[in-house]
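Visitor: I have a structure open and would like to go through part of it. Can you take my questions as they come?

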Amino acid sequence: MAAISGKISQSVLVAQCCKQNIQVSPQCQRDRFALVTHKLLSFQGVKLSWDGTSTMQSHRFSNLNRGIVYCNVAPSATAIPSLERVDFLKLQNGSDIRGVAVSGVEGEPVNLTEPVTEAIAAAFSAWLLNKKKSNESRRLRVSIGHDSRVSAQKLQDAASRGIAGAGLDVVQYGLASTPAMFNSTLTEKDDLLCPVDGSIMITASHLPYNRNGFKFFTNAGGLGKPDIKDILERAADIYQCFTTESLMDSERKASSSVERVDYMSVYSSDLVAAVRKASGNTEKPLEGFHIIVDAGNGAGGFFAGKVLEPLGAITSGSQFLEPDGLFPNHIPNPEDKAAMKSITEAVLSNKADLGIIFDTDVDRSAAVDFAGCELNRNRLIALMSAIVLEEHPGTTIVTDSVTSDGLTTFIEKKLGGKHHRFKRGYKNVIDEAIRLNSVGEESHLAIETSGHGALKENHWLDDGAYLMVKLLNKLASARASGLGGGSQVLTDLLDGLEEPAVAVELRIKIDQNHADLKGRSFREYGEAVLKHLENISDSDPKLQKAPVNYEGVRVSGYGGWFLLRLSLHDPVLPLNIEASTKDDALKLGLAVLSAANEFPALDVASLSNFVKVVRCKSVISWTKWCLCSLPIRSFMKWESNPLKS
């Protein structure tokens, strides 16, 4: 087998796949050649195939809606006539893959099926084989974990079949966090089959229960957008080449090559060790602290029992620690108002020192102090900046584009650092921090208002649990230094942070079917809107464009600022407005509305409503001031004829 030349192997594969005169793309040929050649060199006598599934699943395929007939792998293989056509590239969501995995929601047909998942996992395997060459001692190894979603188990098994069918070993972690999956590519523990060569996290973050998706890692970090597109293109070709025999063959391989490991215990113990180190190697540095965890029924429940309690913290009052993929209590999202209200109420009712909340897969987090002050969005960035700048004076803090002007003043004037405001998207922010370091500008923190935060010391991984460990380190080190006050130590770090009286984010939708687009894409139309707003702002002496801006149109004026930008994936123009008074916010809103009204395809209802509400509140507030401040006789005169007063 090992003596077969690559050229002959490739010719045989292409001939088999195209027996019915169905043309296969060059990428499909390359992927099949790479994977099968790898298996030929490693295992003599192994049948050439892609992937596998159970007999029950093969039976289930026949119940799907009839679709196109796909190519065979071999002359004797049985084609699967009923696999549905899938647009794989539509599953890309930036540097992630996301789709609908569970039926039942009107207007959201399932597109992340088990066969689709198998194809994606096989494609990741092909991509990994191109990046990392296996040696004779062992095959390449991939770890798989998932959050609490109801579709998690079936997708984990499907991904395992895709990887095993490609000739790689699979290590299943079960319920896990996204940061832990990346760490499994770095941990060196032979008894835990670490480090792995690649890792897959099955998650859709805070999206509804019917969604799911994938994040991919190597020891170099998370994959970027070009890598995801590459994988999806490979997956589309692989999917077309599925046969009943090849799927069943991969099922057999998965049954013999999948191993299971409790990696979350290792990841948790590393977090515990980090806090103990910060306190001078005290065994229980958080003893006496009352800290509540809200996991939102996601994967973050481990933090209470496996991190806080070994450090001595009291965790009574912690809530929603049990995994439940229907998320019955609140959306597991640190940006969600209901979620933050829930953890705030828990902290206050239990008189706790600190509250910690995670999103579903624990790559985002936020906190609440003893007084119920939310430490999220700009406040979390300010708090992390204060901690990092104590450790690395003068360093650059990279954030996304919607952070406030008050945060910039805080970082640069109060803390002595530099604020580098970049594009939205946690991967954009992280990559920009890495780039700055590569050109000689020191940066140790990249963080989004969404709660994604990554540190240089932690391999630039956006790890919500590690962010909270940095806060715990501050509590532990303060106590070791003889300072008390509970989480007041954290709150004090925010002294001097100016916060706006009004802060909103609105979404202006673009109607892609409107005649005003005139054949243009929503992106072209959106860019035209931004250009028009930029021109209007340039001609208004009361408005000033940001001198450095990487996304959309950011303008200061009237005691505040606005940012209008174009969504990366959706026909939407998100608008952020922050101001020191309602009147100033109203003026900024009217400036954007006047520009937006000239584009008929824009749905400006959200902005119009904002203007109406703020205008109404301003009138009511002014009237109340009149009632309280003016003499009754004067007010009655104004009320009878306000135009003359």
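Guide: A definition to start: two strands pair if DSSP finds at least two bridges between them. Helices (H or I, at least four residues) and strands (E, at least two) are DSSP runs, numbered from the N terminus.

Visitor: Fine. What kind of model is it, and how are residues numbered?

Guide: This is a predicted model, where local features need pLDDT of at least 70, side-chain atom pairs count only at pLDDT 80 or more, and totals for chains, interfaces and linings use all residues. Residues are numbered from 1 along each chain as its sequence is written, and side-chain values use heavy atoms, with hydrogens and water left out.

Visitor: Which residue in E14 does Thr 396 stand opposite?

Guide: Lys 418. E13 and E14 pair in the parallel sense, over four bridges.

Visitor: And what does E13 pair with in E15's direction, parallel or antiparallel?

Guide: Strand E13 (residues 396–399) pairs with strand E15 (residues 443–447) in the parallel sense, again over four bridges. Val 398 has Ala 446 as its bridge partner there, and Thr 399 stands opposite Ile 447.

Visitor: What order do the strands of that sheet come in?

Guide: E14-E13-E15-E16, four strands in an open sheet with mixed pairing. Strand E14 (418–421) and strand E16 (453–455) are the edge strands, each pairing on one side only. From one strand to the next, the twist averages 20 degrees.

Visitor: Are the faces of E13 covered or open?

Guide: Both are covered. Thr 396 and Val 398 on one side are buried, as are Ile 397 and Thr 399 on the other. Buried means under 20% relative accessible area, exposed over 50%, partly exposed in between (1.4 Å probe, protein chains only).

Visitor: Which helix lies across E13 and E14?

Guide: H13 (residues 405–414), running at about 145 degrees to E14. Axes here are lines fitted to C-alpha atoms, for helices over the stretch in contact (heavy atoms within 4.5 Å), and angles run from 0 to 180 degrees between N-to-C directions.

Visitor: Change of topic. Where is Asp 359?

Guide: In the loop between strand E10 (354–358) and strand E11 (365–369).

Visitor: Why does Asp 359 count as buried?

Guide: Because its relative accessibility is 0%. Leaving aside residues up to four places away in sequence, Asp 359 touches Ser 205, Pro 332, Asn 333, Pro 334 and Arg 364.
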